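This briefing concerns the structure shown below. The points that follow are grouped by topic and may be read alongside the coordinates.

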Amino acid sequence: MSDPTNLPSLYNFIIFNPTLCKKEGEENEKILFYHCSEKISVGNKVRQVGLCEGLINFASKFSSTPCEALHTKKTRQVYFDPEPDFWMVMTAKIPERGCRYISNLTLRSLLIMSYDLFTIFYGTFTSLMKSLQTTDELRLKLRRFFDPYKSTLKIGESEILDHVAGAKFLSLDSTTYLCAQRFLNCLKDRHPPVLYTVLIHKDKLIFSDLNKHDTKVLYHYLINILFPAQLDTSDMEFISKSLQTVGRYLNGPDNFDEGIKASRLHLRTGSRDGNLTQVFLLVYNNLNTTLCLMIDAKISCTKNFYKSLDSFLSSNVPQFDDIISKQVLPRQGSTLSITPTLPHASTMSDSIRCFFFNYDNLAYISTLHNPPYVATVFMRIVCELVSDIRHKRTADVLVKTNHDMWISARKSSGRLLFTLILQKNTSIITVVEELKRLSAQMFCRSYFTPV
């Protein structure tokens, strides 16, 4: 494992709006959020933001596409303009020794996801500016979200999941999937204020009636922020006293008699006239099943409604979890479990790794993240290839590394497939034949372009 001190790290994170500076001497008014790993004065903050603004304006003279990145000897800086007049800037500090690599696409993906997460919980910057009485209230909300969130950013890790931001799906047979649909439809029929649902088994998505964007952002929040935060939080466990069934709310109430405390979400799903749909989020977990309920924020639900909802969940989720588990357990470990035909390769885990992504439904399948873990240098090459082919409709690339390994990248029909051949002294003819065999065996139903 790499020494964290020898990896790129977050240096600063800035959000600013140039139009908030009305006259000379009030340049600090344009700064809405500023984090820096070093203690700096207000004057230096103003100068840094002014430099960013100057670079953005300078670049706009040469291209209609907004400035995206700036490289210096010691830093990598990326820019993102999520809304008119609002800019977000993230700077990574490059160590003098150790790993000096970091992808622009990785940094921008982290920056964009941070905006998407803020938006889903608080709304857009523009809507907040209109609804709040002062700009200081917006600054407070930004600090409330980004101060804790910045610690979750893995700047020094080149991670393909930061680029594609997909979700692992749980494949079910038709009977079990219909059972899931019947369970969710029954829940919504008995509790009409529940507008949308997201159903997850362990870390795999079963169903979501949100659009792709909202599903992607909510899944990222659950898997990378909420679920890890619950691992050491035993006091969050909630016992449904009426049935003595172990269940817990990962957010929301510990006791419905003490009032309802649910997170408010702002969704693009169902939005009209540019106004985001506002809902309350309840995340209920029982055994291996997690159910996200989005409740209409326009309706004032009573305690009796929430108690009825809790009773329904406590009695039905364990039964549903049992049905899913009975189907999943016999198939555990079967996904991408293929014995390669390469010479001297005993198992797929030590010779071939794959990553498959479907742009249409954001589903991915991966063995890159299974132990023994793929070396960081190969993950960086994969991330660079993602960056190189992201704007191409089709691509077929085969790379031989300095370590005598092979990496294949294929993109076609809205699908992306990476294959790592981690077997030394393998000829290109053998590699091509193995790629043909793997594509035919694993992805014949979803990937059609021949090698």
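What covers the buried residues of α6? In this predicted model, the cover includes strands β6 (194-201), β7 (204-208) and β12 (289-296), together with helix α8 (303-328). The protein has ten helices and 17 strands, and 49% of its 451 residues count as buried.

**Helix α6**

- Helix α6 comprises 17 residues, 174-190, and reaches 24 Å from its first C-alpha to its last, close to the 24 Å expected at 1.5 Å a residue.
- The buried residues of α6 are T176, C179, A180, Q181, F183, L184 and L187.
- An α-helix has 3.6 residues a turn, so residues three or four places apart point the same way.
- D173 caps the N-terminal end of α6, with a side-chain oxygen 3.2 Å from the backbone nitrogen of T175.

**Helix α7**

- The end C-alpha atoms of α7 (residues 212-230) are 26 Å apart, which agrees with the 27 Å that its 19 residues should span at 1.5 Å a residue.
- L222 is itself buried, as are H213, D214, T215, V217, L218, Y219, H220, Y221, L226, F227 and Q230 of α7.
- The N-terminal end of α7 is capped by N211, which places a side-chain oxygen 3.3 Å from the backbone nitrogen of H213.

**Nonpolar cores**

- The largest nonpolar core contains 56 residues, and M90, F146, L218 and M294 have the most contacts inside it.
- Helix α2 (residues 104-122) contributes ten residues, the largest share of this core.
- A second, separate core has 27 residues, including L170, L291, L293 and V317.
- L218, a buried residue of α7, touches V198, L210, L265, L281, C292 and M294 when residues up to four places away in sequence are not counted.
- In soluble globular proteins, nonpolar side chains tend to be buried together.

**Whole-chain contacts and surface**

- Among contacts in the protein with a separation of 6 or more, 61% are accounted for by residues 24 or more positions apart.
- The protein exposes about 22800 Å², of which carbon and sulfur atoms supply 51%.

Methods:
Residues numbered from 1 in each chain as written. Predicted model: local features only at pLDDT ≥ 70, side-chain atom pairs only at ≥ 80, totals over all residues. Heavy atoms only, no water. Core = buried A, V, L, I, M, F, W, Y, C linked by side-chain atoms within 4.5 Å. Buried < 20%, exposed > 50% of the residue type's maximum accessible area, 1.4 Å probe, protein only. Helix = DSSP H or I, 4+ residues; strand = E, 2+ residues; numbered from the N terminus. Contact = heavy atoms within 4.5 Å. Expected span 1.5 Å × (residues − 1). Polar contact = N/O pair within 3.5 Å; in protein donor to acceptor, adjacent residues only side chain to side chain. Areas by Shrake-Rupley, 256 points an atom, 1.4 Å probe, with all protein chains shown as cover.
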